Amino acid sequence: MSQLSERPDSAVVGQTVRHESAALHVTGRALYTDDLHPRTKDVLHAWPVQAPHAHARVTDLRAQPAYAVPGVVRVLTAQDVPGLNDAGTKHDEPLFPSEVCFHGHAVCWVLAETLEAARRGALAVEVDYEPLPSVITLVEAIEAGSFQGAQPTVARGDARVGLERSSHVFHGEVEMAGQEHFYLETQAALAVVEDDGRLFVQSSTQHPSETQEIVAQVLGVHNHEVTVQCLRMGGGFGGKEMQPHGYAAIAALGARLTGRPVRLRLNRTQDLTMSGKRHGFHARWRVGFDDDGHLQALEATLTSDGGWSLDLSEPVLARALCHVDNNYFIPDIRVTGRVARTHKTSQTAFRGFGGPQGMLVIEDILGRCAPLLGIEAHELRRRNFYEDGQSTPYGQVITQAERLHRAWDQVAADADLDGRRSAISQFNATHEHVKRAVAMTPVKFGISFNLTAFNQAGALVHVYKDGSVLVNHGGTEMGQGLHTKMLQVAATALGVPLANVRLAPTRTDKVPNTSATAASSGADLNGGAVKDACEQIRGRLALVAAQRLGVPAPDVRFLDGVVTGLGTDESLAWADLVHSAYFARTQLFSAGYYRTEGLHWDSTVMRGSPFKYFAHGVAATEVEVDGFTGAHRTLRVDIVHDVGDSLSPLVDIGQIEGAFVQGAGWLTLEDLRWDTSDGEHRGRLATASASTYKLPSFSEMPEVLNVSLLARAHEEGAVYGSKAVGEPPLMLAFAVREALRQACAAFGPQGTSVDLASPATPEAVFWALEGARSGHDRDGDVEPCEGPTPPEADQASPQRLPESEAALHHLSGA
Amino acid sequence: MTLQPVAQGEASLTVNGSPVPLGASITPHTTTLDWLRDRGLTGSKEGCAEGECGACAVMVARPGSPGTTATEWVSLNSCLVPVAALDGQEVVTSEGLGTPDRLHPVQQELADRGGSQCGYCTPGFVCSMAAEFYRAGRTPTHGEDAEEAAARDLEPERDHGSNGFDLHALSGNLCRCTGYRPIRDAAYALGLPEDSDPFAERRQSAPAPPMRTHVVADGAELVRPLDLAEAVQLLAAHPDAVLLAGSTDVGVDLNLKGLRPTLLVAVDRLPELRDLHVGADEVRIGAGLTLTEVERGLGGRVPMLAQLFPLFASRLIRNGATLGGNLGTASPIGDCAPALLALEASLVLAGPEGDRVVPLADYFTGYRVSLRRPDELIREIHIPLPLAPIAAFHKVAKRRFDDISGVAVAVALEVVEGTVTRARIGLGGVATTPIRALRTEAALEGTRWDREGVHTAAAVLAQEGTPLTDHRATADYRRAMLGQSLLKLYAEQTAAGSAAQDDEQGGER
């Protein structure tokens, strides 16, 4: 057990406690960024002027008419920017663009006394556009060669040779849609000018330090002139990692120019049409198996839809390439990736960060090939699991293979999969119009930022004279329970009751140069830093206690607010000790720091050990599909997930369940549609509201949902033996998609391979089961798809599935 | 204008027990949500501004169902309702239900069970859940074995807790964090309100009566007349007036489309629009009753509507939306229209010259236009009795709760000795208006109700209307669903007929 991971007896970490803000949430007292403006005087409100073209040059912009609207105070344009007119770190995101790059792109902003006046002012601004040709779909981008950024390859061995060696080779393609974050709280910022001209910006941001840097960049000032605070977020999911910066910069610029507080909150339509989303991906692949179904080789090209600017598309793609293997050993492999540039919102981080898209490729392959190999899908998956000592395609050695074997067997046993599979066959045999299926899928997800430098964190812990403790750290709270865990870490490290510790909101003037709260790393990194700070303080207090108790300092123990020494019956109350320590002139506060050891990654060759460890999980899902409509229900879900030694079980189970449902939403319901026609609305998001973009509601909740945390799961490499949990369980939802595929197949003859669109909406499922029902292309007796990438699978066309299924061609062994 | 303007300062709302003047800064278009938040009550949130997410939900005191309590706590989307339309009424927000030191039972359960993660949707869930907590008709099914309850495969019971909690009460609230399981557990763990509970006690006395309201600001007016005559007079004088009932449609226009009607006339509390009567030869439903009131008032006596209501938007919407409003917008996808077409309903339109009765089949004249003249309003909906013995409402949408139909099909059939003697079919989502499937009706009548006859008719039904491709569904899928709906009904009917032998799996749904 490492010093980092060792957990004292009776630790506060590991206890089931409710979210630290739960009582504030339920009573409506928890404050979010946009709750602040009614409590602030003389606030101006901001409204954007959004372009009605996917791609156009701004030839003229006349702000003057807006000033005729009562209440309008200022129109912000590019001319007002004192610093750099750019909202990103890649310098490809002009804050006030002269070239419109997506439908809804904001060309300028209006500030007014009321939101209504700002809205009317924005309507009055006159903008002339010269429309330009646009690229909307991934396939258009591929055909036009419209790419941006690096085109990395992860490779091991010789995939060509491996495919030649394989006795069964299949190829095909898959396209998966993106996903809207739909955090319930839209992007928001409130900027105030301080007495000396410094800016105080409250922002709903996962990355306060970068928000600070971008605000400073736009204003042309140093970072120490800008402070960013994030009270809490009403959901983030990656959508507030890079996206908030520009909105914070607009508010800050407005405040700087007018001297008044400026509030900016996007309404839902603005948020949907302006902010980035999960990347949709397209993949073409060739795969080889031996006669026993062991994977031999994989060749694949993944193309992500990056939208108009680079944003985080490169690291998202890198993570996708590093997760194409999921938990399967593929000896010879070559996977290449590229980022398409399209005239859409700039796609960005979203829980899983490319991992889900990479994994979907291999799960789709296994789900489609299993019937053609004559092996049950769950058996095919299990047969290809990693063993310890094998390495991933990018060279990281597998050391915890046993955990997934164990989780898999536990799910199979606890959920009585054998029994239920035979019950399902019976059910299907007696039900012509309704079919059920159960599927099992694993998750192996790498934890750490791929970019090594981001794997560091800081904390600032104060112990006040009365013994109360205040914790600051660099991580932000977006509902994931990070603050709750950090309170538990601090209470454990100091040996005080949880009630002694409070958390202060995340601010850049407390902990500088922080990494984004992202990559599931919030608890690992900030927990390490909080623990370090607390241990420094405890070490100093131990010296004071040693004197009072008459024992050597290493023999002093801190537990639950009582300080004892080995070999003495005397004890001290925590508050007593703190009080006397102050008078003994002891430093009662400390800055903590943590960096993850043992990482290395060479992005030029895409090799190394970028991850501290892998998080694991297994899900089994049973679904029921209505053959008349394609409507489907999730009847039962069983999950065993590896969170290490849990820091906070209620929080961890909440993360697992929430991620699963969000993943199921991405895969089965959430349906982003853009206008791809050549009409006047080309490029417009057709699902730009909550009434057209549907996320899971109560009706999508699994009727039975059993979640267990994997036992004997201590993690040496993380704080108090825990593991990250934010992202990995999202990918457990592949079990839903694979169960739907199997249920569709049950409408057809034995051995039917089903090509299922993603998302598997009722309509997509209906066409898939219709294909199975009519026995379409079961033998794959069609021409192989060679040459350039086939035309985009048009989700609007019901013809898609049979055609696409034709691409799954049995090249040999027939 | 016949009304005397009332001094604006007199308009007020009781918020969390205290009267608060609406104030001079409101306009007829100011939403209740914005008004609450501007007063520092920021617990209620804006998540979508169109009544889809429920983050803005509040409780409002409304008349109870006949035979229950005088007042019922009803959850509403505060983002949709102009605050002036609530003049004189009583609103409770999450802040008013409890405090961190004294949590309300609903708040306690949600907090303890991990029902909040980011917390942004939580105050809305609290209000929706509290309204259901106080519902007079909520009766626990004590002593029922939990496994037995879970094993029951019956649709209407599926979404209920053993404490009588109807999960549909939360169908208009979205949570992006939890996956809902802990919220459901919290809902199902609730007991009954204590006798001393002030919100439970409040139900025993009547809600405030409707006020005559007149708010003028920003070049627009909101008027609440007190009777039908006044309302009709207003409409006659102002052809551009927009009728306001639950504001579930107007609110979306205000928030998302930026519409600013110059005259809003609130009609939802006109006594002449609030009758519900089941007679010997017809059912009469007041156009101003909310769908929840109709649902509870009918109590399953019109099975077609009983199938429809749980699929119609969400409880938060049904608590505001009215039949009159749903038909008044003449939307091609309003779910009530296909059902009422199959039921051969007619409308009573009230105008300056009195009432006239219009068959619903003649009412829709084009995309969002109807026979209703600007000086008329829908007063009542009549459904002739007896009802056809077979009734089915099929809605195809991406999501089971709270979604807009891709296709809606309502079928009312009479089958005598194996032959269809009468068929009435209403369709939504396949033409510019809701339509009757006349060719399919003709094909069915006189045909054997068997697999072959149904398949032939299904092929005809699949060719009805002129469905389009949009973000909800493709034209091909819509056509396929028309045909499949009849096949599904047939399968359900035959399964129901043989259900006695098939008790093991409960038959197909």
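A residue is counted as buried if 20 or more other C-beta atoms lie within 10 Å of its own, as exposed if 12 or fewer do, and as partly exposed in between, with C-beta atoms placed from the backbone. The structure described here is a predicted model, in which local features need pLDDT of at least 70 and side-chain atom pairs count only at pLDDT 80 or more, while totals for chains, interfaces and linings use all residues. Residues are numbered from 1 along each chain as its sequence is written, and chains are lettered from A and ligands numbered from 1 in the order in which they are written.

With 30 C-beta neighbours inside 10 Å, A:His641 counts as buried. This residue belongs to strand 29 (residues 632–641) of chain A; helices (H or I, at least four residues) and strands (E, at least two) are DSSP runs, numbered from the N terminus. Leaving aside residues up to four places away in sequence, A:His641 touches A:Gly617, A:Ile656, A:Val707, A:Leu709, A:Leu710 and A:Pro729, a contact being a pair of residues whose C-beta atoms, placed from the backbone, lie within 7 Å. Between A:His641 and A:Trp408 the C-alpha to C-alpha distance is 9.9 Å, although 233 residues separate them in sequence.

Elsewhere in chain A, an open sheet is built from three strands in the order 4-2-6, with antiparallel pairing. Strand 4 (99–100) and strand 6 (126–131) of chain A each have a single partner strand and stand at the edges, so one side of each is left without a neighbour in the sheet. Strands pair if DSSP finds at least two bridges between them, and two bridges join strand 2 (residues 56–62) of chain A to strand 4 of chain A. A:Arg57 has A:Glu99, in strand 4 of chain A, as its bridge partner.

Turning to the interface, 68 residues of chain A are in contact with 70 residues of chain B. On the side of chain A that touches chain B, helix 1 (22–26), helix 8 (268–274), helix 17 (649–668) and helix 19 (762–773) of chain A each supply at least two residues. Helix 17 of chain A gives the most to this side, with seven residues.

Chain B itself has 19 helices and 20 strands. Its C-alpha trace spans about 70 × 60 × 45 Å along the principal axes. Of the 509 residues of chain B, 57% count as buried. Among contacts in chain B with a separation of 6 or more, 68% come from residues 24 or more positions apart.

Definitions and conventions:
Two residues are in contact if their C-beta atoms, placed from the backbone, lie within 7 Å.
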